[in-house]
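Hi there,

Here is the structure I promised to pass on to you. Have a look at it first, and then read my notes below.

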Amino acid sequence: MVDYRPIPDERDVFHEYSSYAFRAEEGVPAYDPDEHETPRSTLGSRRGLYETDATDDAEPRCVSRHYWLESRVRGDIHRTTGLASVATPPEYRRRGYVRQLLARSLAEYRDHDVRFSVLWPFRYRFYRQYGWDTSNRIVTHECDPAVLSFASDAIDRESGSFRRLEADEYETLEPAYDVHADRYGLALERDEDWWRHRVFAGGDRDPFVYAYERDGQVQGYLVYTIDDDSDGPTMAVSELAFVDHDALLALLSFCYDHESQVERVRLEVPVDVPIRDLARDPDEIDTGVADGPMVRLVDVAETLSVLSYPDRDGALTIAVDDPLVDWNEGPFALEVSDGNGACERLDDAADSNGTDVSLDIAALSQLAVGARSATALERTGRLEAKGSGAVATLAELFPETDVYLGEFF
């Protein structure tokens with residue numbers, strides 16, 4: 001038996017476990033509160049898994065951190081947790097501790113009415129076996145800054161200007177961020193601490209944050225560092241937010257203006273940002289697509305009952321397979337009327353009467369946030385249905401949407 005509990009007074013242990021798990025090649029530096037307990041590092045809640053009969057000074061078997069967040073899903077704001085820093089020292093591995101930690105974490109989330117859990121995996125296969133799956137993909141465009149000269153040619157430089165912002169000015173970015181966030185599912189609601197310590201502050205060094213202003217209002221901004229890569233200095237843009245097409249061009253022109261300073265520009269953006277479509281020389285842009293974070297429903301019945309649906313009616317029975325928690329296992333009845341949903345877990349015996357749709361919790365999570373359509377899930381063998389009518393109904397109730405969570409935590 002194990003206990004799952006906070007570890008507020010064992011920050012040195014948390015530091016040791018995390019350092020070994022994620023930066024072992026650097027060694028494990030001695031814990032220094034002045035160096036390692038920064039405002040950025042103290043965001044979130046530390047949790048540990050202990051043997052039930054362990055003494056008070058016993059070390060945890062594994063640890064994690066929970067960020068208590070909110071995100072936008074299908075037009076509404078829902079409680080969301082960022083799961084991070086899951087670490088187990090080698091002497092305790094392969095004993096099932098991580099599985100128990102994840103299950104206990106979901107139980108805590110459920111107690112706090114959290115709807116979604118998101119994480120950045122070290123390996124997708126590892127977390128997929130526990131019910132998380134890819135929420136969105138991240139596109140990386142990399143090129144010589146001269147390739148972005150098309151943007152400079154297309155804008156009126158007199159109509160707007162750039163200025164560098166400090167963390168105290170984060171509020172000026174919020175209107176532009178809200179326009180950006182309204183486009184994408186799972187976009188986070190940012191409070192002051194998140195702006196100050198996650199956007200304006202970095203792990204090893206703070207990024208540059210520049211805003212594009214027009215008529216006295218911020219129309220877009222970018223967050224970036226100048227990295228010393230093997231190909232030479234690189235302007236690495238981790239966030240690019242804009243309210244309209246002209247603001248996007250202005251931001252790309254700003255990157256072009258670094259031509260004398262950097263050899264390359266690297267932009268991490270959502271799939272729908274049309275950089276290759278705008279460029280005169282798209283063949284000069286190296287573009288890659290990678291999986292981003294993973295998402296998981298915490299409680300099927302509760303979450304499907306509070307999501308927003310299209311203004312139509314529909315009813316389905318859905319059989320869900322959850323490898324981690326029993327409250328998501330079994331058949332569920334979903335009824336939607338006038339855009340409002342009601343979902344309840346049925347008695348397991350109801351499964352003998354058959355269900356309209358069967359899928360695992362990972363696929364249902366992607367469907368719920370809009371990352372994948374019912375049609376795509378069926379086509380790839382992730383969803384089984386009695387007939388095309390059930391798939392069509394599910395596709396109507398859960399239309400695919402643009403999803404993008406690019407913030408690392």
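**Salt bridges and a helix**

At 27% relative accessibility, Asp244 counts as partly exposed. Please keep in mind that this is a predicted model.

Which residue does Asp244 form a salt bridge with? The partner is Arg214, and the closest N and O atoms are 2.7 Å apart. Asp244 sits in the loop between strand E12 (232–242) and H8, while Arg214 belongs to strand E10 (residues 208–214), so the pair ties together parts that are 30 residues apart in sequence. Arg214 itself is buried, at a relative accessible area of 17%.

Across the whole structure, a search finds 28 salt bridges. Another one joins the side chains of Arg61 and Glu51 (3.8 Å, N to O). Arg61 lies in the loop between strand E2 (45–51) and strand E3 (62–73), and Glu51 is in strand E2, so this pair ties together parts 10 residues apart in sequence. There is also a network of salt bridges that links Glu142, Arg205, Asp227, Asp229, Arg264, Arg266 and Asp286.

Now for helix H8 (residues 245–256): its 12 residues reach 17 Å from the first C-alpha to the last, close to the 16 Å expected. Is H8 mostly covered or mostly open? Mostly covered, as 9 of its 12 residues are buried; among them are Leu248, Leu252 and Phe254.

Last, look for the negative surface patch, whose members include Asp144, Glu259 and Asp283. Asp283 is found in the loop between helix H9 (275–278) and strand E14 (286–291), and Asp283 is exposed, with a relative accessible area of 61%.

Happy exploring!

Technical notes
Residues numbered from 1 in each chain as written. Predicted model: local features only at pLDDT ≥ 70, side-chain atom pairs only at ≥ 80, totals over all residues. Heavy atoms only, no water. Patch = residues over 30% accessible without salt bridge, like charges linked within 9 Å, V, L, I, M, F, W, Y side chains within 5 Å. Areas by Shrake-Rupley, 256 points an atom, 1.4 Å probe, with all protein chains shown as cover. Salt bridge = Lys/Arg side-chain N within 4 Å of Asp/Glu carboxyl O. Lys, Arg positive; Asp, Glu negative; His and termini not counted. Charge placed at Lys NZ, Arg CZ, Asp CG, Glu CD. Helix = DSSP H or I, 4+ residues; strand = E, 2+ residues; numbered from the N terminus. Buried < 20%, exposed > 50% of the residue type's maximum accessible area, 1.4 Å probe, protein only. Expected span 1.5 Å × (residues − 1).
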